Amino acid sequence: MAGRIPVGSLITDIKLNGDQPVKTLRQLRQAVSSTTSAWKAQEAVLKSTGKTTEAAEAKYKGLSEAVKNQRKYIEALADKQRNLKKVQAEADQTTEKGKQAYKNATEEIQKNAAQTLRATTRLESLTKQQEKAKSSLNYYKSGLAEAQKSLKQTQAVTKSYVERLKAEGKGYESAKAKLNGYKSSLENLNKQQKIQAQELARIASESGKSSDAYKRQEIRLNQTATTLAKTKSAMNELNSSMHKANPTVFDKLKTKLTGLDSQAEKTHRTFKEVFMGSALGNALSNSLSNIGSSLKNAYEEGMNLNLAVAKINGRFKGMGMSTRQIQSLDKQLGELKANTAMTGDNVANLQAHMLNWSTIGTKGAMQMAKTIAGVGDTSKLTGDQIERVSASLQRVGSTGKVTYSSLSRITKAAPTFMQALAKGAGMSQSKMIALLKTGKVTQKQFQQWMASASKYSDDAFKGFGKTQAGALKSMQVARQKLEQQFTKPIFNAKTSPGFKIEVQH
């Protein structure tokens with residue numbers, strides 16, 4: 001009846017871990033908190049000693065225990081709610097004591113309902129944490145965590161070693177170290193892919209293929225496969241560049257062909273006659289067969305490169321350049337091609353533009369070409385963009401004076417142009433701009449500034465060489481130079497009178 005069950009003194013008889021009895025709701029709450037504190041402390045200790053898998057296991061077990069205790073707490077709250085409702089129903093509201101008992105029970109029911117709601121929300125949070133902890137534990141137990149950690153460490157070490165070799169000027173060795181790094185990464189990624197595939201199968205068995213966990217794991221597996229494919233592609237590209245740039249084989253062939261060319265000159269016969277002769281013909285045939293069919297492409301590319309150079313030289317000759325000047329232009333062409341994003345044709349067009357525009361001679365034109373190439377690097381321009389800048393410059397100063405407004409198209413295309421020009425002029429950028437705005441700067445003075453700025457392009461070239469694109473370009477140009485050199489005697493002989501040139505494309 002009324003007052004027979006005192007409100008707030010409800011006793012439960014539940015045990016945690018099968019050991020200590022928990023008799024009150026407060027003790028049940030404390031049991032959850034104590035369990036949480038315990039696993040967090042254990043996890044921290046294990047992590048500090050590098051035992052990541054054991055730490056993940058401690059977290060999962062601790063959260064599992066906390067979830068179990070939280071459920072017991074909610075069950076106890078539900079028992080209390082039932083008893084409170086019973087007290088409320090049995091209260092005799094015809095008496096003052098009964099009315100007070102009813103009122104007290106009603107208030108306790110409301111408090112208990114709110115407490116149950118909070119406890120249920122906490123249970124949901126703990127359950128989610130438990131699921132994540134389980135996933136994390138599986139991640140560590142599968143070996144995937146260790147594999148990914150190993151990959152990061154290996155890549156970091158390889159990167160530092162490659163950079164060191166580059167700084168020491170050991171370009172080929174650095175490329176070789178990078179190639180070994182790719183091979184190590186591929187081995188690791190294959191291991192990761194296998195583990196992730198096994199994990200996907202496990203999730204499909206436990207949760208089904210339509211579950212969120214399955215979809216997340218499927219995305220991870222696809223991402224690993226993508227990284228694997230990209231790494232393979234990068235490795236193959238680097239391996240191909242290294243193979244073509246390896247000087248040993250090419251140097252041997254170059255030596256043989258240089259000797260061949262020398263003998264041909266001494267006998268004053270065309271290459272066709274030499275080739276048909278027994279001694280030299282056999283020498284060339286044996287040379288080519290010894291290095292194998294893999295150099296066929298190198299031979300064809302070398303011949304095409306010599307043909308391209310011959311056409312460029314013919315163009316310069318038509319512009320009135322002497323043999324010595326053409327040789328200097330050829331040398332600069334190779335340097336600018338190796339240190340920028342430009343192709344041979346881009347560089348040749350740049351040189352031609354500067355030669356046509358120059359009022360300070362051939363040497364000045366070449367210096368201006370070098371300045372524009374350096375600006376192209378610092379402005380991160382493509383080869384075609386650098387060439388277009390040089391074409392635009394030809395219109396600057398056509399009236400004999402150079403104004404700031406006439407350079408707007410150039411400064412927009414090449415943001416670092418004014419900075420380089422100021423260095424060449426030996427003044428601050430703001431002072432130089434102010435001078436240009438007066439309209440008193442002559443075309444010759446402007447070109448002299450540009451020519452003087454060429455000495456700063458070497459820093460830009462060094463910066464380009466430190467990039468991945470720059471390093472690959474350097475190897476590519478070195479390979480092409482060798483191909484061009486060892487096929488030059490053949491090209492010269494074939495283009496001599498009495499022998500028809502046939503270059504394959």
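What pLDDT does the protein average, and what percentage of the residues score at least 70? The average is 81, and 82% of the residues reach at least 70; pLDDT is the predictor's confidence in each residue, from 0 to 100.

This is a predicted model, in which local features need pLDDT of at least 70 and side-chain atom pairs count only at pLDDT 80 or more, while totals for chains, interfaces and linings use all residues. Residues are numbered from 1 along each chain as its sequence is written, and side-chain values use heavy atoms, with hydrogens and water left out.

Confidence is lowest in strand β1 (residues 14-15), with a mean of 38, and highest in helix α18 (residues 443-452), with 95. Helices (H or I, at least four residues) and strands (E, at least two) are DSSP runs, numbered from the N terminus. Over residues 1-22 the pLDDT is below 50, and this stretch has 39 contacts in the model beyond near neighbours in sequence; contact means heavy atoms within 4.5 Å. The pLDDT is also below 50 over residues 498-505, a stretch with 17 such contacts. Where pLDDT is low, the predicted coordinates should not be read in detail.

I turn now to a single residue. Glu 43 is placed in helix α1 (residues 25-48). Is Glu 43 buried or exposed? Glu 43 counts as buried because its relative accessibility is 12%; buried means under 20% relative accessible area, exposed over 50%, and partly exposed in between, with a 1.4 Å probe and protein chains only. Apart from neighbours within four places in sequence, Glu 43 contacts Ala 55 and Lys 59.

Next, the salt bridges. A salt bridge here is a side-chain nitrogen of Lys or Arg within 4 Å of a carboxyl oxygen of Asp or Glu, and by this rule there are ten.

One of them joins Lys 68 to Glu 65, at 3.5 Å from N to O. Both residues belong to helix α2 (residues 52-90), three residues apart, or about one turn of the helix. Lys 68 is partly exposed at 37%, whereas Glu 65 is buried at 19%.

Another pairs Asp 458 with Lys 370, at 3.1 Å from N to O. Asp 458 lies in helix α19 (residues 457-465) and Lys 370 in helix α13 (residues 361-378), so this pair ties together parts that are 88 residues apart in sequence. Asp 458 is partly exposed at 36%, and Lys 370 is partly exposed at 22%.

Finally, salt bridges that share partners join Arg 164, Glu 168 and Lys 170 into one network.
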